[in-house]
Amino acid sequence: MSDFAKFNLLAPLQTALTEAGYFLPTPIQEQTIPLLMAGRDLLGIAQTGTGKTAAFALPILDRLGRHRDRLGHPANRHKTAPRTTRVLILTPTRELASQIDASFAKYGRHLRISRAVVYGGVGQQPQVRAMERGVDVLVATPGRLLDLINQRHILLDKLEVFVLDEADRMLDMGFIHDIRRIIALLPEERQTLLFSATMPKDISSLAEGLLRSPARVEVSPPSSTVDRVDQKVLFVDKPNKRHLLHSILLQEEVHRALVFTRTKHGADKVTVDLENHNIRAVAIHGNKSQGAREKALSDFRAGHVRVLVATDIAARGIDVAGITHVINYDLPNEPESYVHRIGRTARANTDGIAISFCDADERPFLRDIERLTRREVAVDLDHLYHSEQAAKGPGSAPIKKPNGGGRGNAQPPRRGGGNAVAPPKQGRAAAATRRFSAPAARLSRGGGSMQ
Ligand code: AMP
């Protein structure tokens with residue numbers, strides 16, 4: 001049984017969650033779902049990457065999915081009227097709008113829920129048509145929504161739930177007047193949710209006028225956590241990461257270590273490699289059965305295994321005391337994840353150590369992390385596998401052999417004007433360098449799916 005069962009969500013939602021590989025609710029889901037199911041208004045202080053979309057989408061879908069007949073059609077009282085929507089989610093960008101809509105499609109796939117997305121920069125006719133019969137869920141950006149409202153293609157008088165997502169970003173982007181105009185059209189009787197990563201004054205005053213005795217949920221870890229953790233970055237070439245990990249786990253005072261990888265496959269590989277070197281380790285990620293995850297956790301908690309290898313999502317919701325080291329085998333592409341990861345050590349006022357491996361492709365991720373935390377991570381040069389290439393960043397990465405047989409760090413660095421390299425090849429060399437750094441671009445924000 002998944003940990004989502006306790007929320008008593010409709011069975012089709014629980015099925016969809018199992019299919020999506022969600023077993024443990026993230027902290028914001030844990031706190032928010034029961035409040036929203038009880039009909040409360042909500043002020044959520046949370047960033048993207050925390051699982052906030054499911055935190056609001058699941059209770060909303062649950063509400064929409066009730067009052068259906070046996071075939072899944074809405075009971076009469078809840079039929080959608082032409083051009084209306086029962087739920088409106090306002091979000092600042094079209095990318096976010098599409099992502100949110102995709103989440104509703106994913107979680108609601110076993111319910112008959114009608115949806116529409118509305119944003120600017122594309123023709124309005126398909127959006128007008130999508131709204132003709134009315135929908136259950138409309139995700140929109142403010143400008144185009146107002147246009148369509150002004151042309152009477154969309155009516156808000158049947159609205160039951162209003163979500164204002166990424167409110168601080170909306171304000172930064174100058175949407176405040178549009179938002180106020182939209183809010184003025186909402187029916188009094190409704191459930192309202194406001195999410196924002198930060199809570200500047202203008203957001204709290206907006207919230208005050210908008211929400212009715214809201215519950216407040218905050219999931220970003222306090223910045224003091226970041227300050228209490230002793231953080232280091234070790235520059236290393238990708239193929240040497242495993243050797244570096246062995247050496248740290250063998251030499252340091254590592255009582256209980258949580259090792260983060262980007263992918264499920266990576267977690268398995270690291271675990272097998274550690275076991276092959278007689279370092280006991282277990283992996284936990286979305287492909288493991290609930291039983292296997294629980295066993296791994298209890299072994300780790302009990303101290304039978306001192307290394308737990310995890311992906312970001314799998315590690316959420318895990319609360320294990322006494323983690324002395326967090327090791328970022330791969331740096332996360334979302335800087336917020338770094339803060340979450342290192343917050344796993346330094347619990348309950350203890351200090352912890354966070355060690356991050358950084359290869360040449362991961363330099364942009366390190367830069368994003370330093371921007372977010374507003375501090376430089378100290379560089380530790382005192383290890384066997386220090387890589388100057390990685391320290392310099394992706395532009396200086398060595399060139400991979402096109403046949404893929406070359407190991408990145410096995411190549412001697414090219415020297416400018418070297419007589420072994422004929423000038424015409426420089427173009428190809430530049431292309432190869434671009435190819436080499438391509439994965440970093442692909443992995444950047446919003447790229448690969450969370451594991
Ligand atoms: P969000 O913060 O809503 O953008 O979600 C971040 C990512 O986490 C998305 O890719 C979701 O599909 C995924 N996700 C959200 N909740 C869970 C969960 N409980 N278990 C696994 N993955 C999740």
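The residues of the shell around the ligand comprise six nonpolar, seven polar and two charged (Ala, Val, Leu, Ile, Met, Phe, Trp, Tyr, Cys and Pro count as nonpolar, Asp, Glu, Lys and Arg as charged, and the others, Gly among them, as polar). The structure is a predicted model, in which local features need pLDDT of at least 70 and side-chain atom pairs count only at pLDDT 80 or more, whereas totals for chains, interfaces and linings use all residues. Residues are numbered from 1 along each chain as its sequence is written, and side-chain values use heavy atoms, with hydrogens and water left out.

Of the 15 residues around the ligand, those that come nearest are Tyr22, Gly49, Gly51, Thr53 and Ile313 (a residue is near a molecule or strand if one of its heavy atoms lies within 4 Å of it). Polar contacts were defined as pairs of N or O atoms within 3.5 Å; within protein, one atom must be able to donate a hydrogen and the other to accept it, and residues adjacent in sequence count only if both atoms are side-chain atoms. In the side chain of glutamine 29, an N or O atom is 2.8 Å from a nitrogen atom of the ligand. Backbone atoms also take part: an N or O atom of the threonine 50 backbone lies 3.0 Å from an oxygen atom of the ligand, and for a backbone N or O atom of lysine 52 the distance to a ligand oxygen atom is 3.3 Å. On its own the ligand has 500 Å² of accessible area, of which the protein covers 84% (Shrake-Rupley method with a 1.4 Å probe; for residues, only the protein chains shown count as cover).

The chain has 451 residues, and buried residues make up 51% of them (buried means under 20% relative accessible area, exposed over 50%, partly exposed in between; 1.4 Å probe, protein chains only). Its accessible surface comes to about 21500 Å², with 50% belonging to carbon and sulfur atoms. Among contacts in the chain with a separation of 6 or more, 76% are accounted for by residues 24 or more positions apart (contact means heavy atoms within 4.5 Å). The chain contains 18 helices and 14 strands; helices (H or I, at least four residues) and strands (E, at least two) are DSSP runs, numbered from the N terminus.

Seven strands form an open sheet with parallel pairing, in the order E10-E11-E9-E12-E13-E8-E14 (two strands pair if DSSP finds at least two bridges between them). Strand E10 (281-284) and strand E14 (378-379) are the edge strands, each pairing on one side only. Strand E9 (residues 257-260) is joined in parallel to strand E11 (residues 307-310) by four bridges. In this pair, leucine 258 stands opposite leucine 308 and phenylalanine 260 has alanine 310 as its bridge partner. Four bridges also join E9 to E12 in the parallel sense, with alanine 257 opposite histidine 325.

Strand E13 (residues 353-358) has five of its six residues buried. With strand E12 (residues 325-328), E13 pairs in the parallel sense over four bridges, and asparagine 328 has serine 356 as its bridge partner in E13. Parallel pairing of E13 with strand E8 (residues 230-235) runs over six bridges. Here glutamine 231 is partnered by alanine 354, while valine 233 stands opposite serine 356. E8 is likewise mostly covered, with five of its six residues buried. E8 and E14 pair in the parallel sense over two bridges, and lysine 232 stands opposite alanine 378 in E14.

Two buried residues were examined individually. Leucine 138 lies in strand E4 (residues 135-140) and counts as buried because its relative accessibility is 0%. With residues up to four places away in sequence not counted, leucine 138 touches Thr85, Val87, Leu88, Ile89, Ala116, Val117, Val118, Met131, Leu145 and Ile154. Leucine 138 and leucine 90, 48 residues apart in sequence, are separated by 8.5 Å in space, C-alpha to C-alpha. Threonine 373 is placed in helix H16 (residues 363-373) and counts as buried because its relative accessibility is 15%. Under the exclusion of residues up to four places away in sequence, threonine 373 touches Val226 and Val339.
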